[in-house]
2 protein chains.
Amino acid sequence: MPEYRAPIKEINFVFNDLLTIESHYQNTPGCAEVTPDLIEAILEEAGKFAATVLQPINAIGDEQGCHWDDGAVTTPDGFKAAYDQYKAAGWTGVTFDKAYGGQGLPYSLGTALSEMVSAANSSWGMYPGLTAGAIHAIAAHGSDEQKQRYLPKMVAGDWTGTMCLTEAHCGSDLGMLRTKATPLDDGSYAITGSKIFISAGEHDMSDNIIHLVLARLPGAPSGTKGISLFIVPKYRIAESGDVAANDNKENGVSCGSIEHKMGINGSSTCVINFDNAQGFLIGPENRGLNCMFTMMNVARLGTAMQGLAIAEASLQGATAYARERLQGRSLSGVKAPDKAADPIIVHPDVRRMLLTMKAFTEGNRALGYFTAKEVDIAHRSTDKGEATKADKALGFLTPICKAFFTETGFEVTNHGVQVLGGHGYIKEWGMEQLVRDCRITMIYEGTTGIQALDLIGRKVLADKGEGLRQVIAHIMADMEKLPESLSDYKKTMMLTLAEWGELGNSIGKKAMDNADEIGAASFDFLMYSGYVCLAWQWANMAAAASVKIAQGSDDSFYQGKLQTARFYFERIFPRAQTHKNTLLSGAGNLMAMAAEDF
Amino acid sequence: MPEYRAPIKEINFVFNDLLTIESHYQNTPGCAEVTPDLIEAILEEAGKFAATVLQPINAIGDEQGCHWDDGAVTTPDGFKAAYDQYKAAGWTGVTFDKAYGGQGLPYSLGTALSEMVSAANSSWGMYPGLTAGAIHAIAAHGSDEQKQRYLPKMVAGDWTGTMCLTEAHCGSDLGMLRTKATPLDDGSYAITGSKIFISAGEHDMSDNIIHLVLARLPGAPSGTKGISLFIVPKYRIAESGDVAANDNKENGVSCGSIEHKMGINGSSTCVINFDNAQGFLIGPENRGLNCMFTMMNVARLGTAMQGLAIAEASLQGATAYARERLQGRSLSGVKAPDKAADPIIVHPDVRRMLLTMKAFTEGNRALGYFTAKEVDIAHRSTDKGEATKADKALGFLTPICKAFFTETGFEVTNHGVQVLGGHGYIKEWGMEQLVRDCRITMIYEGTTGIQALDLIGRKVLADKGEGLRQVIAHIMADMEKLPESLSDYKKTMMLTLAEWGELGNSIGKKAMDNADEIGAASFDFLMYSGYVCLAWQWANMAAAASVKIAQGSDDSFYQGKLQTARFYFERIFPRAQTHKNTLLSGAGNLMAMAAEDF
């Protein structure tokens, strides 16, 4: 397994030199106490935990997987112990409300923690990750009583949570779901149905599991407008607020089986059966999907960060190998005459792969943390106008981060294998696990295709381009600040921004005649948008590095940023043009073929 | 596991309508008896064997893997029985010389067999595949006595073969290898050293294993010019030609361990230790690498076909799923009003993935079989000029097929997973195995990076563009034959051909100043070349389909070819421009960064 070191210098560069995080926190309600010292302490400690506790059990989790026995699921060796440590150190509650025992720290800081966790052990990170989603949903839509009942235990990590959406016959199309909720006399509901692909649905790490379950009330409208959201605890809860005594605790929730998957083997993926389980309505009747979206947006950014995080782990492994592995000689003259061969990092094609990995990983990090800062503002700002603007940008950027970080993250992990050659394919080296673990991120929390439809359909067309305009405004303001030495990037970006808006318009116009034009353009529009956003971030990083160099810094880290920015603009950004040309070809070349001729 | 059906109609389309295979065989020495009836019988029988014997044990092979116990390797359940059946049916000898018990059928026909085998079970296919490589090497470089001793048993499948190149410290850079060969009094050699990553290095399927081993003679020049090739049987061979009697059979060859890999788990990947093993020099002293190249070129085409084959299996699985899975409604109007939802094949983005899979798989097949036909001519034609031309084209196309079919094959298998969504990630469905099995094809037999250097360095620059010119001549001749209705494709291709030649020249010119320009351009030049070759094949397929339609065929298969060609030109071929623009950016953006700043 490649050794993981938390990229604290990289994170600090983004926080300090791109996002001026200190003044951001000073201006954000409830964040005044987040001083540079506190940030440093959190990054250091989280990094240590990830590297020394989580990473060593990552390969073990892959090798052993989870085990199902008569409804009980055992997680791999070390997973529970690591969770206990995590809980004891208070990490479960870092970003949650102090009222429920959390530390109330901003989402953006939590993002750095979650990056480190996922990079070190993305399977393990699913357990606290799903819990965080459930906490968000209860905090946003639960009654006061529900919040009091569930949140303190969940924030403390004693209870974990899940999202129960998918059924065997419905994944992306939730309108088809069949799980039933029958009202009971005491105001609660009897939930009956079977859910599949439930991450952290059953395991041995917590005292209770709080399922958030989508189900239909009797007589509810068909489709997505007849779905309600319910809280269904694995074990019933007594008046005391603790899990009920043994005789009374069973709640008709059982784990029917777990899946055997390509990767994230340490994460239990469960069939969860609800058999007249007692559930509690959360949020309004038939508005369950809207409530669930609260969880999903956060969950989507979480998945985006997984894509980035796993890519970072791969980048570290590949870079270390390329510096050490001796093989062949540089064509432009021997570089290590004292050795039997040159290290493979001398070869241009190895550098092409490493720089691609670096450009995506660091670029995605910059964009991801920018987006996390928008979450801080959208959720906390008392300036309504500011909050709304941030929310628009956030809505627009979320599907881009989810799909682009995971698609490019998967590309990165595959380059990581390729840099190691044959060794990359051998389990022992750990690089191939990263490919398998990353592969799911393009699927769960809405596939790339679903994100692409969300972006062009909801966030551009339905929203009349408001989110896009917000992001373009950010980019234009940043481009104004570029130093003269980067005027080429500025020129490129200004032309691109005009093109981006036009592309959105042109899809909208075509869609008026043929709704399939939306789907036909969606993937390429999303990827185009991702490449544009990364160009923006690389221009920003180059600008920040230029400032440091102008101030006299001789840290080659900043030269590295300038060099990677150049690589990005010259060797990666051209892909945006392919996506543009491809999407402009329209729906005809996709829709002409009869289904039976495929 | 997705059910596999041999794509016989597709193969016949390529053989008959693109390659006019009947007249090709009539004109090729030794192939006159390959009549359409014989071709049909072979395709049918091979397809049946692949689908009913090999495919059912593919998931078993993945699940069980191979087992090592004190030097002995057991293959998964059913592997040996399938091999016995394969041998009994005479498949092992299909393309080999009748003098050694083969059937003497042309290489191109063997290619169809090997496609089917790899599509149904690529792990299993490694055992006969490696043997074929070893047979080629012995046939090309062995003495008469060596041929008589080894080939009949190998052609019959009683003995299998391997290629022993890699050592722990040397993979791509064979010049560093250390295995020693010490001359013995009887003219044989004592071979000592350890080889890794030896596919089919040890297993339970054959009576003996004939290793072809690269090693150094005493005092040999350092680097690649001091390597010789040896035949080293696992068991010593008695005068009778059979494996020696028990007491005398051990030859100092042992399997130290097997690797645990990302995929192709049914294929044993061995550490093979040679401890004063008796070996026999094959070919001239110190020319071992050249002899090994004979095997490698064939092996590279074989690996190319694996990439294509695994992609075909994925295409079949994804297409079947997309036709059946009901999820969501078409945005342009309900397509299956009698069902709870439309099948997902109505969605443009699902079609984008399926058509991408189809365009690569069918395009690669057309190019692969064209290349196989060049092998027939290069190896068999009595017209020296013809044979040389074919050999040049073959040399140029081999690295393209190897790298492009495997890179795009891997893309295809990933689309295959994505079409199935969450189910794609679950082992039971078999789609993720195809991703893992395909992943190795970009690495073994020379990574994509090695192929790319071979193409631009050896096949374009060192060869002064002769292979490129041969291929361009083929394309121009084909473009002359396009019907008027396809004149857009012709125009595009003619512009592209000029560009292709210029790109090669421009890299050559830059390389005179800086040798790193070769490596910096290599990958993008190879991928560009691959996209151009597929455009050529899609233009040809559209032309062949147009002929059928003009002749009155109402088989929608031909409309499908026209539609896929259009998809390719409008949605895939634009990628070539990105590769062009990227490679034109030169080596500067790759070489500037110091190794420690990565």
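# Two chains, one residue at a time

Me: Let's start inside chain B: is B:N364 buried or exposed?
Reply: Around B:N364 there are 28 other C-beta atoms within 10 Å. A residue is buried with 20 or more other C-beta atoms within 10 Å of its own, exposed with 12 or fewer, and partly exposed in between, the C-beta atoms being placed from the backbone. With its count of 28, B:N364 is therefore buried.

Me: What kind of model is this?
Reply: Residues are numbered from 1 along each chain as its sequence is written, while chains are lettered from A and ligands numbered from 1 in the order in which they are written. Local features need pLDDT of at least 70, side-chain atom pairs count only at pLDDT 80 or more, and totals for chains, interfaces and linings use all residues, since this is a predicted model.

Me: Which residues is B:N364 in contact with, leaving aside neighbours within four places in sequence?
Reply: B:N364 belongs to helix 11 (residues 348–380) of chain B; helices (H or I, at least four residues) and strands (E, at least two) are DSSP runs numbered from the N terminus. Contact asks for C-beta atoms, placed from the backbone, within 7 Å of each other. With those neighbours set aside, the partners of B:N364 are B:L308, B:F405 and B:T408.

Me: How many residues of helix 13 of chain A are buried?
Reply: This helix spans residues 431–439 and is mostly covered. Its buried residues pack against helices 4, 7, 10 and 12 of chain A, together with helix 12 (384–419) of chain B. Among those buried are A:M431, A:L434 and A:C438, and the count is 9 of 9.

Me: Which residue of strand 9 of chain A is the bridge partner of A:S254?
Reply: Strands pair if DSSP finds at least two bridges between them. For A:S254, the bridge partner in strand 9 is A:N273.

Me: Which element gives the most to the side of chain B that touches chain A?
Reply: Between the chains, the contact takes 79 residues from chain B and 79 residues from chain A. On the chain B side, the most, 8 residues, comes from residues 556–572, which form helix 18.

Notes:
Two residues are in contact if their C-beta atoms, placed from the backbone, lie within 7 Å.
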